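My entries follow in the order I made them.

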Amino acid sequence: MSQPTSRLDRFLFVAVLVVLVWLPLPLGSNRDWSVGLLVLLIGGLGSLWAIGQLRGSVTPALQIKSVRAALPLLGLLLLTQTWVAVQWLAGLTVDNGATFQYLMLGLAYSLLFLLVVSLCHTRKRLSLLLGTLVVSGALQAFWGAFMTLSGVEWLLAGPKTSYVGHATGTFVNRNHLAGYLEMTLACGIGLLLALRDNRPFSWVNLLELLMGPKARLRLALVVMVIALVMSHSRMGNAAFFISLLLVGGLFILIEKEHRLRNSLILVSLILIDVLVISQYFGLEKLKDRLTNTRLNDVVVNGDVVQRANELRDDVFGYAIPLLTERPMVGQGAGSFEAVFPQYPGEDIRLHFDHAHNDYLQFGIEFGLLGSLPLVAFTLMALWYALKALRRRDSVYRSGVGFGAAMGIIALLIHSSTDFNLQIPANAATFVVLCAIAVLAGSHSNRRQHKQPL
């Protein structure tokens, strides 16, 4: 028989949700002070959780099915943090300060992962977690779209100085808003599918899903799609729709019994949101950015008639020697900004603090020894999500698995051309998404009558 939820347990759960909403607000938590606050907040919550474990005022972790399922993933995260600690202590890094900061962030992400799988292990709490991420994404989307449409463009604490005319939310970079929205949109779509019923298909039921009590969730998805398009992030939009088509196609193939209904739900997301609504909010500008992208100079009769408008391709090329120089041990977590200036040619005149490719940057900084556990962590989380997606016996579990798989795949695609995983708010949300992947198939669905949260 389940025990009543303690006040400490409820406080920790609500506090984690508040932290998740807070993280994107101070420029994606991508400033030294906000990084310190992130570590302090999660460290404080983790300490309270540990005290609760010792005093028995919080459900013992090893009695929770989701925690037991998540232990291998947690071990992989901690293995990477152990390697970063070795880099820092053994002097294997070229930037001690940056490596220490990455170590503290990595430990905070690991602790956040543990908190989520231990505190959100019931269906009600998992739904609240997904709903909180959707609300946070919708707020970011509304802020970004409203600022852009009004022409009075401000971040949370001051006017925008870059990416004017593009939706950025409270992030500095439009690509980071796009990365955040990819994950929150996936959570929203997953929640929408999780809350569907098993009634036979009818047009009335479909209209009820799209226009009935779940209309608020649909409205949040519409707002987020509008902001995603208005960010004009090429890979952000491509990653979202590729992941939706990939996971959606798999979902439709697996779910044979309700194939027509599920197909219409997913098609409605694409047709209504993109072809109708987004047409009025910058879809043409996004198309122009895609068609006008040039990775190389245009040369006619030996003369350069058009310069490449993308420097990232050149940065990738110049960064390869950093990868081959110390492939096993890496240059040190967070050290890219310190070591890259030695390598670029004269055509790279801008300052690059990141490689604009998460895979390349992790390889350069963490080396093979530190990167492999992160790869295994991500693939295992994706496996959990796809495993839940295949659960034909549970509409809820398959829906949540859909959202987790879609969000993970979207950010993995986007990471090939941007550095979302170097932004604390997005990295933390990605870790939470991996925790949701575990929870999708291992949460408790028991009914706890008259018990809050």
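**Entry 1: the nonpolar cores**

I began with the largest nonpolar core, which has 118 residues; F113, V116, L129, I189, F402 and I436 touch the most other members. Helix α16, residues 424-442, supplies the largest share of this core, with 14 residues. I kept in mind that this is a predicted model.

I then listed the contacts of I436, leaving out residues up to four places away in sequence. I436 touches L126, L129, L130, L133, C187, V400 and A404. Apart from this core I found another, of 11 residues, and F316, F336, F340 and L360 are among them.

**Entry 2: G332**

Next I looked up G332, which I found in the loop between α12 (312-325) and α13 (336-339). Is G332 buried or exposed? Its relative accessibility is 0%, and buried means under 20%, so I noted G332 as buried.

Which residues does G332 touch, not counting those up to four places away in sequence? I wrote down Q87, L92, T93, T99 and E365. For Q87 I also checked the spacing: G332 and Q87 are 245 residues apart in sequence, but their C-alpha atoms are 6.1 Å apart in space.

**Entry 3: S398**

My last stop was S398, placed in helix α15, residues 395-414. S398 counts as buried because its relative accessibility is 1%. Not counting residues up to four places away in sequence, I listed R196, F251, A388, L389 and R391 as the residues that S398 touches.

Definitions and conventions
Residues are numbered from 1 along each chain as its sequence is written. This is a predicted model: local features need pLDDT of at least 70, side-chain atom pairs count only at pLDDT 80 or more; totals for chains, interfaces and linings use all residues. Side-chain values use heavy atoms; hydrogens and water are left out. A nonpolar core is a set of buried Ala, Val, Leu, Ile, Met, Phe, Trp, Tyr and Cys residues joined through side-chain atoms within 4.5 Å. Buried means under 20% relative accessible area, exposed over 50%, partly exposed in between (1.4 Å probe, protein chains only). Helices (H or I, at least four residues) and strands (E, at least two) are DSSP runs, numbered from the N terminus. Contact means heavy atoms within 4.5 Å.
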